[in-house]
Amino acid sequence: MTEQVFDFDIRQQPDIGRMCGVKDVVNRRVLDPPLIIELKPSNYTEGPFSNRMLPLDSYVLNVSLTSEDCKESRNDFRAGRHIRHNIIGDTVGNARILLDPEDRKHKPFFVLPNISIRLTGTYTICCTVINVVSGQVSTKFTRPLNVYSCGQFPGYLATSKLTRSFIYQGLSVREKGVKAKLPLLLENEKHIQNYPTTDSNQTLPA
């Protein structure tokens, strides 16, 4: 069997967040904007995506938390006698086919909209895509992001075009800023028609 060779681009990365705290009952405050990664064959140039290029059930995205310089893990921290996870939420995900609003082509994307961080600080996110069949691994880091205390948090960012288009396609995003604006976005029916919903079980062209 010929090994599938892939690459990925970090299309959107979190820039800001509010700390969740160290209590057992976590007040989930997701990073903004959601992390979005495009998976693609390394030799892909143009044309419709085919499941023959990259069998999506063979690929998994795993994210972890690292220091600002990408050199040290920040996944866990000590709270008294206990070790707690600093990054919580959806840290593992599978790719799905979504319409890219930039060129209006269907492509495989990983979307992790429910990532939260417990402690304040400046971090980077280590993004690792694994082919579970071949064992091929590829890793990239986001740019630094800042996590603030509740009192210092400056507010959510404007919803990006990429996030907005994925919401039209049925993506569930818990981001406060997106939820507040979604009813206004849905008033324009013609925009919804331009972004058809996708089914994770849809048949892709061979």
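Strands, like helices, are DSSP runs numbered from the N terminus, and a strand has at least two residues. Arg104 sits in the loop between strand 9 and strand 10. The model discussed here is predicted.

Strands of a sheet pair through backbone hydrogen bonds. Strand 3 (residues 35-41) and strand 10 (residues 105-112) pair over 4 bridges. Within this pairing, Glu38 stands opposite Phe109 in strand 10.

**The helix on the sheet**

Is helix 1 largely enclosed or open? Of its 8 residues, 6 are buried, so the helix is largely enclosed by the rest of the structure. The buried residues are Leu162, Thr163, Ser165, Phe166, Ile167 and Tyr168. Just after helix 1 comes Gly170, with a positive phi of about 105 degrees.

Gly151 lies in the loop between strand 14 (145-148) and helix 1 (161-168). Gly151 counts as exposed because its relative accessibility is 75%, and exposed means over 50%. Gly151 and Arg18 are 133 residues apart in sequence. In space, their C-alpha atoms are 9.3 Å apart.

**Backbone details in the loops**

Arg104 has a phi near 55 degrees, a positive value in a residue other than glycine. At 45% relative accessibility, Arg104 is partly exposed. Cys70 also has a positive phi, near 70 degrees. Cys70 is found in the loop between strand 4 (59-67) and strand 5 (76-79). Its relative accessible area is 28%, so Cys70 is partly exposed. Another loop, between strand 2 (16-18) and strand 3, holds Pro33. The peptide bond from Asp32 to Pro33 is cis, with omega near -5 degrees.

**Salt bridges**

How many salt bridges does a search of the whole structure find? The search finds 10. The table gives some of them.

| Glu38 | Arg11 | 2.8 Å |

Take the pair of Glu38 and Arg11. Glu38 lies in strand 3 and Arg11 in strand 1, so the pair ties together parts that are 27 residues apart in sequence. Glu38 is buried, at 6% relative accessibility. Arg11 is partly exposed, at 27%.

Asp15 is partly exposed, at 28% relative accessibility. Arg143 is partly exposed too, at 42%.

Asp103 is partly exposed, with a relative accessible area of 33%. Lys107 is buried, with a value of 9%.

Which residues are linked in a network of salt bridges? They are Arg11, Glu38, Asp100, Asp103 and Lys107.

Note on methods:
Residues numbered from 1 in each chain as written. Predicted model: local features only at pLDDT ≥ 70, side-chain atom pairs only at ≥ 80, totals over all residues. Heavy atoms only, no water. Buried < 20%, exposed > 50% of the residue type's maximum accessible area, 1.4 Å probe, protein only. Pairing = 2+ DSSP bridges. Salt bridge = Lys/Arg side-chain N within 4 Å of Asp/Glu carboxyl O.
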